[in-house]
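Look at the overall outline of the chain before turning to its parts.

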Amino acid sequence: VTTGTYNKAYYVKGVKKVTTGIYNKKYYKYGKVATGTYKGAYYVKGIKKVTTGTYAGSYYVKGVKIVSTGLYQDRLYQAGKLSKGYALYKSILYKDSYQNEGLTVFEGKLYDGPVLNKGFEVFEGKLYNGPVLATGFVKHDEKFYNNGELANGEFDGVEYKDGVVVKYEV
């Protein structure tokens with residue numbers, strides 16, 4: 001063979017150049033242009049695509065595919081890129097690729113940090129029982145709530161304003 005692959009090696013003008021490795025900036029494996037990882041870089045059809053970063057919807061570190069959607073070093077990736085905004089992954093809430101902190105309503109449910117809220121909690125003026133708005137008529141922290149909102153108006157013959165019983169002087 002003058003130029004080409006023979007016996008798992010790549011030859012140019014009859015001279016063996018490479019079996020597996022780089023020749024003329026192309027990656028060869030067993031003498032053929034290849035796709036894969038070699039010495040910390042990822043190659044597609046012999047052409048170097050990425051060492052560390054995103055390529056074709058996956059995240060690579062030193063040429064090794066780490067994740068397309070999932071966690072890498074405690075950060076959430078989606079389609080090979082750091083997640084932006086709020087995202088739920090395996091029942092854990094993330095904000096901008098980090099686990100969520102503080103109280104947040106996401107898709108109608110209250111989260112306390114990265115997990116669903118437990119117990120009663122007032123958030124943005126609404127009463128939650130666990131992750132959902134409280135239902136019915138509930139007293140919490142000396143205030144009355146009706147279906148998660150501060151009670152206003154008359155209920156069972158008693159008048160309420162901003163969750164407090166209105167007392168009239170006679």
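**Charge, form and strands**

The protein chain carries 26 positive and 15 negative charges, whose mean positions are 37 Å apart. Lys and Arg count as positive and Asp and Glu as negative, while His and the chain ends are not counted; a charge is placed at NZ of Lys, CZ of Arg, CG of Asp or CD of Glu. This is a predicted model, in which local features need pLDDT of at least 70 and side-chain atom pairs count only at pLDDT 80 or more, whereas totals for chains, interfaces and linings use all residues. Residues are numbered from 1 along each chain as its sequence is written, and side-chain values use heavy atoms, with hydrogens and water left out.

The protein chain has 0 helices and 30 strands (DSSP runs, H or I of at least four residues for helices and E of at least two for strands, numbered from the N terminus). Its radius of gyration, taken over C-alpha atoms, is 31 Å, well over the 15 Å that the globule rule (2.2 Å times the number of residues to the power 0.38) gives for 170 residues, so the chain is more spread out than a compact globule. Along the principal axes, the C-alpha trace spans about 110 × 20 × 20 Å.

Strand β8 covers residues 41-44. Ala41 and Tyr43 on one side and Tyr42 and Val44 on the other are all buried (under 20% relative accessible area, with exposed over 50% and partly exposed in between, using a 1.4 Å probe and protein chains only). β8 runs antiparallel to β7, joined by 3 bridges, and pairs with β9 in the antiparallel sense, also over 3 bridges (pairing needs at least two DSSP bridges). Tyr43 stands opposite Gly36 and opposite Lys48 in β9.
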